Amino acid sequence: MTTIRVLIADDQMMVRQGFTVLLNAEPGIEVVGQAVDGLDAVAKVAELHPDVVLMDIRMPGLGGIEATRLITEPAGATVKVLVLTTFDLDEYVYEALRAGASGFLLKDASAAELAQAVRVVADGEALLAPNITKRLIAEFSRMSGAPRAPLKERVGALTERETEVLSLIAQGLSNAEIAKRLVVAEQTVKTHVSRILLKLGLRDRTQAAVFAYETGLVRPAGY
């Protein structure tokens with residue numbers, strides 16, 4: 001079993017140490033470092049090459065949003081960022097997802113929820129906390145105004161079936177649920193998802209869902 005390497009970035013020592021203890025107790029997960037702020041996180045990612053960064057949003061100096069952007073933007077970047085927040089509708093979470101975060105987690109999450117979140121983000125198989133993440137994506141898509149033309153043009157690269165799969169991803173469906181909906185094998189759905197991410201230049205399903213809302217492919221409920 002491949003070990004998931006985790007970096008924890010938070011300006012509160014107790015949070016860093018607490019999460020370190022919880023995650024190191026989980027099989028297949030290893031905390032390889034801690035960062036005290038955004039700048040430290042960017043440096044530690046370059047040094048330690050973690051698979052997942054648990055990133056606090058509000059930190060002195062360089063905050064978590066800009067740090068997330070610096071970590072995920074470089075070509076070939078594979079590290080996933082899981083944003084830590086105190087409130088499930090924190091306005092900054094919208095910006096973090098735009099900056100490249102793959103999902104978010106409440107700081108009062110249980111040890112089991114924390115470990116599962118890390119595994120989900122590392123695996124890229126499903127949206128993290130779909131019931132909450134979908135609300136966030138829908139909300140900031142409303143805030144963003146009209147879909148941007150360049151994004152609309154990129155949707156044209158997808159086949160009709162890939163466009164359908166992308167729409168279902170944005171609605172928070174897992175591969176198994178999409179397979180059942182479309183009456184195809186789950187492996188076929190995985191292939192479609194991989195092609196979608198490749199064609200659109202996206203990192204994972206969360207970013208694909210954001211893309212679908214921003215292009216207007218999927219409209220938030222009531223809009």
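Two strands pair if DSSP finds at least two bridges between them. Keep that rule in mind for the strands below. The model shown here is predicted.

Start with the whole chain. Its secondary structure comes to 11 helices and five strands. The chain has 223 residues, and 49% of them count as buried. The accessible surface comes to about 10,500 Å². Carbon and sulfur atoms hold 54% of that surface.

Now turn to the strands. Strand E1 covers residues 4-9. E1 is mostly covered, with five of its six residues buried. E1 is joined to strand E2, residues 29-35, by six bridges. These two strands run parallel. Find arginine 5 and look across: glutamate 30 in E2 stands opposite.

E1 also pairs with E3, again in the parallel sense, over four bridges. Here leucine 7 stands opposite valine 53 in E3.

What surrounds E3 itself? Five of the five residues of E3 are buried, so E3 is largely enclosed by the rest of the structure. In a regular strand, side chains alternate between the two faces of the sheet. In E3, Val52, Leu54 and Asp56 point one way. Val53 and Met55 point the other way. All of these residues are buried.

Next comes strand E4, residues 80-85. Five bridges join E3 to E4, and the two run parallel. Leucine 54 has leucine 82 as its bridge partner in E4.

Threonine 68 lies in helix H3, which spans residues 64-72. Is threonine 68 buried or exposed? The cut-off for buried is under 20% relative accessible area. Threonine 68 has a relative accessible area of 0%, so this residue is buried. Which residues does threonine 68 touch, leaving aside its neighbours within four places in sequence? The contacts are Met55, Val81, Ala96, Ala99, Gly100 and Ala101. Met55 was named above as one of the buried residues of E3.

Two loop residues deserve a look. Histidine 49 sits in the loop between helix H2 (38-48) and strand E3 (52-56). Its phi is near 50°, a positive value in a residue other than glycine. Exposed means over 50% relative accessible area. Histidine 49 has 55% relative accessibility, so this residue counts as exposed.

Phi of valine 183 is near 55°, a positive value in a residue other than glycine. At 71% relative accessibility, valine 183 counts as exposed.

How do H9 and H10 meet? Their axes come within 8 Å and cross at roughly 110°. Angles of 65 to 115 degrees count as roughly perpendicular. H9 is therefore roughly perpendicular to H10. On the H9 side, the contact is made by Asn175, Ala176, Ile178 and Ala179. On the H10 side, Glu186, Val189, Lys190 and Val193 take part. The residues of this contact divide into five nonpolar, one polar and two charged.

Key. Residues are numbered from 1 along each chain as its sequence is written. This is a predicted model: local features need pLDDT of at least 70, side-chain atom pairs count only at pLDDT 80 or more; totals for chains, interfaces and linings use all residues. Side-chain values use heavy atoms; hydrogens and water are left out. Buried means under 20% relative accessible area, exposed over 50%, partly exposed in between (1.4 Å probe, protein chains only). Contact means heavy atoms within 4.5 Å. Accessible areas come from the Shrake-Rupley method with a 1.4 Å probe; for residues, only the protein chains shown count as cover. Axes are lines fitted to C-alpha atoms, for helices over the stretch in contact, and angles run from 0 to 180 degrees between N-to-C directions. Angles under 35 degrees count as roughly parallel, over 145 as roughly antiparallel, 65 to 115 as roughly perpendicular and the rest as oblique. Ala, Val, Leu, Ile, Met, Phe, Trp, Tyr, Cys and Pro count as nonpolar, Asp, Glu, Lys and Arg as charged, and the others, Gly among them, as polar.
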